[in-house]
Amino acid sequence: MGSHICPWWLAYTFDNRFRNFFHNPEKMLGSYVTEGMTVLDIGCGLGFFSIGLAKLVGEKGCVIASDVQSKMLSILYKRAKKAGVSNKIRIHKSEPDKLGVETAVDFILAFWMVHEVPDTNILFRQLRSCLKPNGRILIAEPKFHVSLKHFQEILVSAKESGLNLCETPSIRFSRSVVLKI
Ligand SMILES: C[S@@+](CC[C@H](N)C(=O)[O-])C[C@H]1O[C@@H](n2cnc3c(N)ncnc32)[C@H](O)[C@@H]1O
């Protein structure tokens, strides 16, 4: 793995029991994700949001939890089982430059992951191609790692890949946007 990738053990510093107070999935994502949706959590890490999303999509929905690190995915699976939502989560191992998701999705979450990707144009083109026509993508980047200038460069890359700014939600410790086709 590249040195810019967050190692699995470091993810516990932010993905812990206190996180619900500042990144509550229901409050943060409830207006974008409804029952029955198929959603993609790209760069899902230890699965904090995948589990929250699984509760939002309900019995008929599905969450594709995708990451480049197998260790993240195996911990996520154990946590999802414990939370009783493993039947709604499809674990997917992606490659740094190859998403490999063929399913059309209603919503994509890319939380604190885009800055770890070597080529954002490739990522955004692949995300766009699996997004349904009315679908939306929420991108949040950590303020402590990603400067405003860097975030603006990320948005230029998204725009060049055919993704347009739709909203700028307020998310703690993050620079965030919602994009659509
Ligand atoms: C800082 S962690 C954030 C994890 C999770 N989204 C969260 O907020 O708890 C970034 C994650 O993105 C993953 N990642 C990095 N590059 C990726 C890529 N090209 N495709 C999929 N996942 C990637 C890393 O393995 C890591 O698990």
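**Briefing**

Strands β2 and β3 (residues 89-93) pair in the parallel sense, and 5 bridges connect them. The chain passes from β2 to β3 by way of helix α4 (residues 70-82), and this β-α-β crossover is right-handed. The model is a predicted one.

**Pairing around β2**

- To get from β1 to β2 the chain crosses through α3, in a β-α-β crossover that is right-handed.
- In this pairing, Ile 42 has Ser 66 in β2 as its bridge partner.
- β2 is mostly covered, since 5 of its 6 residues are buried.

**Pairing around β5**

- Strand β4 (residues 105-111) and strand β5 (residues 131-142) run parallel and are joined by 6 bridges.
- Helix α5 (residues 120-130) carries the chain from β4 to β5, and this β-α-β crossover is right-handed.

**The buried face of α5**

- Which residues of α5 are buried? They are Thr 120, Leu 123, Phe 124 and Leu 127.
- Viewed down the axis of α5, these buried residues fall within an arc of 90 degrees, so they line one face of the helix.
- The elements covering the buried residues of α5 include β1 (38-42), β4, β5 and α6 (148-160).

**The shell around the ligand**

- The ligand has 22 residues around it, of which Cys 6, Gly 43, Gly 45, Met 113 and Glu 116 come nearest.
- Two elements, α3 (48-57) and β2 (62-67), each give two or more residues to this shell.
- By residue type, the shell around the ligand divides into 14 nonpolar, 5 polar and 3 charged residues.

- Met 113, one of the residues that come nearest to the ligand, is placed in the loop between β4 and α5.
- Is Met 113 buried or exposed? Met 113 counts as buried because 23 C-beta neighbours lie inside 10 Å, where 20 or more are required.
- Apart from its neighbours within four places in sequence, Met 113 is in contact with Ile 42 and Gly 43.
- Met 113 and Ser 86 are 27 residues apart in sequence, and their C-alpha atoms are 23 Å apart in space.
- Trp 112 lies in the loop between β4 and α5, and its phi is near 55 degrees, a positive value in a residue other than glycine.
- Trp 112 counts as buried, with 22 C-beta neighbours inside 10 Å.

- Phe 173 belongs to the loop between β6 (164-167) and β7.
- Its phi is near 65 degrees, a positive value in a residue other than glycine.
- Phe 173 is partly exposed, as 14 other C-beta atoms lie within 10 Å.

**Exposed positions**

- Arg 17 is found in the segment before α1 (19-22).
- Arg 17 counts as exposed because it has 6 C-beta neighbours inside 10 Å, and 12 or fewer meet the criterion.
- Arg 17 and His 145 are 128 residues apart along the chain, and their C-alpha atoms are separated by 22 Å.
- Gly 30 lies in the loop between α2 (25-29) and β1.
- Gly 30 is also exposed, with 12 other C-beta atoms within 10 Å.
- Gly 30 and Val 57, which are 27 residues apart in sequence, are 9.6 Å apart in space from C-alpha to C-alpha.

Key: Residues numbered from 1 in each chain as written. Predicted model: local features only at pLDDT ≥ 70, side-chain atom pairs only at ≥ 80, totals over all residues. Pairing = 2+ DSSP bridges. Helix = DSSP H or I, 4+ residues; strand = E, 2+ residues; numbered from the N terminus. Right-handed = clockwise from strand over helix to strand, strands pointing away. Near = placed C-beta within 6 Å. Nonpolar A, V, L, I, M, F, W, Y, C, P; charged D, E, K, R; others polar. Arc of directions from axis to C-beta. Contact = placed C-beta atoms within 7 Å.
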